[in-house]
Every structure is written in C-alpha cells, then in structure tokens.
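Here are my notes on the model, point by point. Have the viewer open while you read.

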Amino acid sequence: MLLEQAARFLRTGGLDEIICKVYGCPDGSDALNGYRARIEHVMDGYRTAFGRTDEIALFSAPGRTELGGNHTDHQHGNVLAASVNLDIVSCAAPNDSSIVRIQSEGYPLDEIDLSDLTPHPEEINKTAALIRGVAAAAHKQGFEIKGFDAYMTSNVLSGSGLSSSAAYETMIGVIMNQFFCDGALTAIDIAKIGQYAENIYFGKPCGLMDQMASSVGGIVAIDFESESEPKVRRVSYDMSMSEHSLCIIDTGGDHAELTGDYAAIPREMGEIAGAFGKTVLREVEEAEFLRAVPSLRRQYGDRAVLRAMHFFAENRRAVEEKEALQKGNFERFRQLVRESGRSSAMYLQNVYTGINPERQEMSIALALAETILGERGAVRVHGGGFAGTIQAFVPNDLLSYFKDTMEAALGKDMCHVLTIRPAGGVVLMS
C-alpha cells in the first residue's frame, strides 16, 4: 500500500483489528489511539528520513520477559518466557540495491552493504553487526537478501532486562522474511537467525531464550535439551485473570565491569558438568551429583556446587510453572516464582557482585519488594542479575502503593507495569 493510503487506512480504523490481535485489545479508546499515533509517527519518520512515499510495509517486534528458568537455558534446561507490550515498530520498503539503510529514532543512520556478508570486527557490539549477521544467516539458508530502507522507533527500554537486542534481531528477521524470503521463515527460524547474528557478528555468546520469546510471542515454554531443535510450546493463560500486575523494576545498578560475573555462572556450571564427563548440567543425573557433592566442593568450591543445585531445582520449577499456568492455578505459579527468587539469591548468587559489595541495588530492591508484598504477590531476580532488574507480580489493589514506594527508593520511572502481549514478531501491514 502506498504510504499516504496506508496513513489514511490507519486513521480510519483499518488496522484496529490487527492492533488488537498483536497487543491484546487495548482497554479504552485512548490506548487504541495511542497505538495508532505511534504507527503514524513511524510512517512520518520514514517519509522524512528517506523522502519516499511509495509502497511500504509495517512491522512490530516485542521485548520479552523471563517468567521462569533463571540461568537454565545455557545448560540446555527449561525456561518460561513471554513477549511484552513494549516493542519496536518499523515502516520499511525494499530499495532495489544491496544497501540496508535503517534510521532508528534518536540514533545515527545505519548503512550496511550486503554485498559483503562476512563478520566485520569493527562492528562488534554495534547494530550494524546484527543487520549483517541476520542477512548472512538468511543467505546461508538459500535466500537472496537485498537492500531496504526502514525507520524504527522503540519503547523497549535498553538495559531494562526486556532484551531490546532480541527485539531488534526479530525485527530485522521479520522484515527480511517478508521482503526476500516469501514468508518461508518460521518464528523459530527467525529466533535462531537472531541468535546466530548476536553470537557470531555482534560478539555476545547469548542463549536462545530472548530471541525465541520475542519472535514466537505470548507465553512460551522452551525446552533446550536439544539446542539445535528446542521444543517450543505456547502456554494459554490470560495473566489479567490473576488480578495481579506484572512489574519489571530497574534497580539502577551499574553494568560496567560485570562481564566476568556473568561469564562465571555458565563456566562454573560447566565445570561441575565436566566432572561427570558432560558438557552441560542437563546431561548430569541429579542423584549422581548429590552423591558427589563432597568431592565437588573440594575440587570446584562451594559456589559452583550451589549454582549447580540452583540449576537442578530451577529447571524443574520452570516446568512446574508452565503446568500451573496451563491449569489456571496462579496461586501455585506465584509460589514457584517466590521459590525461584530465593534460589537465585541464595544458591545462584547473582544479586550482587563481589567487586563492589557495598553496592547492592538488586538486593535492596528485592528486600523492599518483599517487605511491601508480605505474603501477597511474588518477586524474583529477572534475567542475568547482579545489577539489572527484578520482576514482581503485584496484586492490583497494591499496585499504586507498590510502584510509588519502589520508585521513592530507587528513582522515578524505575518500576514498569507491563502486560503480556499475545503476538511475537509480526507484519502489521504489507
């Protein structure tokens, strides 16, 4: 559809049905008008950035939240994750060249020549690496990827633990799939392509959970026993029925110099697995591990043993959380979330770093949230830990007080009230 026709179609309600399918039917006309305005803003940005008014397509790719399975994916374990109502929205069109031009709102223009799909060392940790990496992965699957122009805006907060990078990779994958792959790539294919780009081109050895949750959408249970062919199952549960709100709280910690802390978790778990001739803990029998605890403590230290104990329990918990939601038993799910938070703090030990122990923003946030909630709601470590975010399920009647109290201690706009959106990476209009 031509750009101006698309704008009129949007303003007259032509996209309202797909907006409801993607975000969940917004509560009231103000919310619906807000989504319309954001999409029109992206189209205006595209026109200004590229001076084009020809045929366009519209896309959305969400951030994600981890509901269960803290640091289990890299050990080929089980996780429970979900897409959220914060996303990247894009207006794009092919440009009949080999050049990809992406204008992300608030950032310099990215221009990538796809005639060279080899990794570029100077692009490590830059969005250009993700674009080139996604194109390279799709090319390896036999597709001829060409250039396109895209304008994007995002409200997936960087550093919020909602994985803005996975949303970006999903967005690039969905655009390329629409323009150059005839829609042949599945949501799982796009997630794997995103992980490949992040691992090989961007230089971050991440697991697949973030990309899978963003690409597939809704609540998803993922079993990574086979890393190349993970089992992905949609979980049908309407979180609004729980009368609890999902909150992600930014603890305000500094992520600088934490690479070693993050890397130590899979390394130590891998060392324990290696003691049994295995590469990951999923391959180790828990009973055999428990019998070997005395010798493992002597050889690898107590922290590595405790982290392995966390994995075994957390891996079971992720499955139990999925089953609780499938049965509509939110009370059981809430209990498991609390257990997950305690295990991450006590055994996984990813709530603060030994580098600067007087700074314990995440521990403070967890303690404050537990004090406010008491026996109600639930709170846990969210994502990588150490200096990132925590997750809370807050009874709706406590939500205002909870948000105000947390932000009084941690800072304004640090508590984000989210909803789970039913769709992953999608084409809004083509």
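**Notes on strands, charges and rings**

1. Let's begin with a turn. In the hairpin of S3 and S4, with five residues between the strands, Gly-106 has a positive phi near 90 degrees. Before going on, the ground rules: this is a predicted model, where local features need pLDDT of at least 70 and side-chain atom pairs count only at pLDDT 80 or more, while totals for chains, interfaces and linings use all residues. Residues are numbered from 1 along each chain as its sequence is written, and side-chain values use heavy atoms, with hydrogens and water left out.

2. Now the strands around that hairpin. Strands (E, at least two residues) and helices (H or I, at least four) are DSSP runs numbered from the N terminus, and two strands pair if DSSP finds at least two bridges between them. S3 (residues 99–104) and S4 (residues 110–113) are antiparallel, with four bridges; Ile-99 has Asp-113 in S4 as its bridge partner. S3 also pairs with S5 (residues 148–154), this time in the parallel sense and again over four bridges. There, Gln-103 stands opposite Tyr-151 of S5.

3. Twelve of its twelve residues are buried, so S1 is largely enclosed by the rest of the structure. For the accessibility words, buried means under 20% relative accessible area, exposed means over 50%, and partly exposed is in between (1.4 Å probe, protein chains only). S1 runs antiparallel to S2 (residues 78–94), joined by ten bridges, and Ala-57 sits opposite Ala-92 in S2. S1 also pairs with S12 (residues 426–429) in the antiparallel sense, over three bridges, with Phe-59 opposite Val-427.

4. On to charges: how many salt bridges does the structure hold? The count is 34, taking a salt bridge as a side-chain nitrogen of Lys or Arg within 4 Å of a carboxyl oxygen of Asp or Glu. One of them joins Arg-64 and Asp-210, with the closest N and O atoms 2.5 Å apart. Arg-64 lies in S1 (residues 57–68) and Asp-210 in helix H7 (residues 209–216), so this contact ties together parts that are 146 residues apart in sequence. Both Arg-64 and Asp-210 are buried.

5. Are the two ends buried or partly exposed? Arg-101 counts as partly exposed at 26% relative accessibility, whereas Asp-149 is buried at 1%.

6. Next, Lys-192 and Glu-229 meet in a salt bridge at 3.5 Å, N to O. Lys-192 belongs to helix H6 (residues 187–202) and Glu-229 to the loop between S6 (219–223) and S7 (231–235), so the contact ties together parts 37 residues apart in sequence. Lys-192 is partly exposed at 22% relative accessibility, and Glu-229 is exposed with a relative accessible area of 54%. Elsewhere, salt bridges with shared partners join Glu-66, Glu-314, Arg-317, Glu-339 and Arg-380 into one network.

7. Then the rings. The whole structure has twelve aromatic pairs. Rings of Phe, Tyr and Trp (its six-membered ring) pair if their centres lie within 6.5 Å; planes under 30 degrees apart are stacked, over 60 edge-to-face, and the rest tilted. Phe-179 and Phe-180 make an edge-to-face pair, 6.0 Å centre to centre with 70 degrees between the planes; Phe-180 is buried, with a relative accessible area of 15%. Tyr-196 and Tyr-201 are tilted, at 6.0 Å and 55 degrees. Of these, Tyr-196 is partly exposed at 25% and Tyr-201 is buried at 6%. Ring pairs also link Phe-59, Phe-148, Phe-179 and Phe-180 into a cluster.

8. Last, two backbone angles to check. His-76, in the loop between S1 and S2, has a positive phi near 60 degrees without being a glycine, and it is buried at 16% relative accessibility. Gln-349 is not a glycine either, and its phi is positive at about 60 degrees. Gln-349 lies in the loop between helix H12 (330–348) and helix H13 (361–373) and is partly exposed, with a relative accessible area of 28%.
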